[in-house]
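This report is for a reader who is new to protein structures. Please look at the sequence and the model first, then read on.

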Amino acid sequence: MSSPHARCKPSDGLIRRARSKRTIPAPEVVVSRAAAKQSPRPYRAEIASELLSSQWPFLGARPASQIGNPLAFGMHTTSDFPALAITRHPLIQHKLTILRDRSTPTKIFKELVDEIAMLMAYETTSDLPLEPTPVETPLEPASGWRVSGKKMTLVPILRAGLGMVEGILRLVPSARVGHIGLYRNHETLEPVDYYFKVPGDASERQFFVLDPMLATGGSAAVAVASLKRAGATDIRFMCLVAAPEGVRRLTAAHPDIKIYCASLDRELNEQGYILPGLGDAGDRLFGTR
Ligand code: PRP
Ligand code: URA
């Protein structure tokens, strides 16, 4: 009869004993065979996916890993929008629902945007390159890892993108912050730009453009074009709620851009608001309604 336990070794393989400096095999970690076979995450994600797809047609997404999309670990994508990765993390979905609630007050709204952005950043940075680095523990020299590659720069689209900055900076305190000022003309729905400031060495940086809402996609497309004019070549767009119209427009204008969101909603209404959406993100964030 086979043992109910699976034996796994830490990937490191070997450890060093501090005092003797003698190399010894790493201890085996015993885990239950059932646990080794079955991680709860895909199971929960699948249920969430089913529930959501029964509500909104565009939410019938599959795990990115299942359809060979290398966008991000733990995120989902759809065959309609291969450049889009949708996070299904239960905490993010829970918080997003409170964010949508019309009775959520400004203070809580602000805190939730901050928390969701931080949680999303954990996922959207999961493919950052690492390089080995030596470290001195209190016991002995060891080797560890540090994030390598291009320097990260956050670029909130004013105003509402500002609400996403602090949460991400808590995870990546060394990131720089640029700003792009845009607002939508209420009649034409086209963006009007009024401010642009990013670090000078744009070609050496990885940019994360931040805006809670991707509606018609006009603001995002103009923001990305401005960054490209400044020399940027590595750009990702992070939003909380996206409309299919916006994803289509941004992808058509900039097929090289990866887009991350917490929800792909149903559609836009005649005024260019996302349905079901969460209303006017800037007004709800800053209490200006
Ligand atoms: C909102 C939102 C996006 C834009 C999205 O900003 O924060 O920037 O609309 O719409 P689009 O995809 O159709 O361009 P808004 O223009 O209301 O400005 P604000 O953040 O200053 O309120
Ligand atoms: N901008 C917002 O703030 N909300 C929307 O639904 C669309 C654009």
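## The model and its confidence

This is a predicted model, in which local features need a pLDDT of at least 70 and side-chain atom pairs count only at pLDDT 80 or more, while totals for chains, interfaces and linings use all residues. Residues are numbered from 1 along each chain as its sequence is written, and chains are lettered from A and ligands numbered from 1 in the order in which they are written.

The pLDDT is the predictor's confidence in each residue, from 0 to 100. The protein chain averages 81, and 74% of the residues score at least 70. Over residues 1-73 the pLDDT is below 50, and this stretch has 77 contacts in the model beyond near neighbours in sequence. Two residues are in contact if their C-beta atoms, placed from the backbone, lie within 7 Å.

## Overall make-up

The protein chain has 8 helices and 21 strands. Helices (H or I, at least four residues) and strands (E, at least two) are DSSP runs, numbered from the N terminus. Of the 289 residues in the chain, 34% are buried. A residue is buried if 20 or more other C-beta atoms lie within 10 Å of its own, exposed if 12 or fewer, and partly exposed in between, with C-beta atoms placed from the backbone.

## Strands and their partners

Strands of a sheet pair through backbone hydrogen bonds, either parallel or antiparallel. Here two strands count as paired if DSSP finds at least two bridges between them. Strand β7 (residues 84-87) pairs with β6 (residues 75-77) in the antiparallel sense over 2 bridges, and β6 and β7 form a hairpin with 6 residues between them. β7 also pairs in the parallel sense with β18 (residues 258-261), over 3 bridges. Ile86 of β7 is the bridge partner of His76, and in β18 the bridge partner of Ile86 is Cys261. Leu84 and Ile86 point one way from β7, Ala85 and Thr87 point the other way, and all are buried.

A separate description applies to an open sheet of 3 strands, with the order β15-β17-β19 and parallel pairing. Its edge strands, β15 (213-214) and β19 (263-264), each pair on one side only. β17 (residues 241-242) is joined to β19 by 2 bridges, and Ala242 has Leu264 in β19 as its bridge partner.

## The nonpolar core

A nonpolar core is a set of buried Ala, Val, Leu, Ile, Met, Phe, Trp, Tyr and Cys residues joined through C-beta atoms within 7 Å. The largest has 60 residues, and those with the most contacts inside it are Val209, Leu214 and Cys261. Helix α4 (residues 106-124) gives the most to this core, with 7 residues. Leaving aside neighbours within four places in sequence, the contacts of Val209 include Val155, Ile157, Ala220 and Phe237.

Not counting residues up to four places away in sequence, Ile98 touches Thr104 and Leu112.

## The ligand surroundings

A residue is counted near a ligand if its C-beta atom, placed from the backbone, lies within 6 Å of it. Ligand 1 is surrounded by 24 residues, and the closest are Arg184, Ala215, Thr216, Ser219 and Gly282. Ligand 2 has a shell that includes Met213, Ala215, Tyr273, Asp280 and Gly282.
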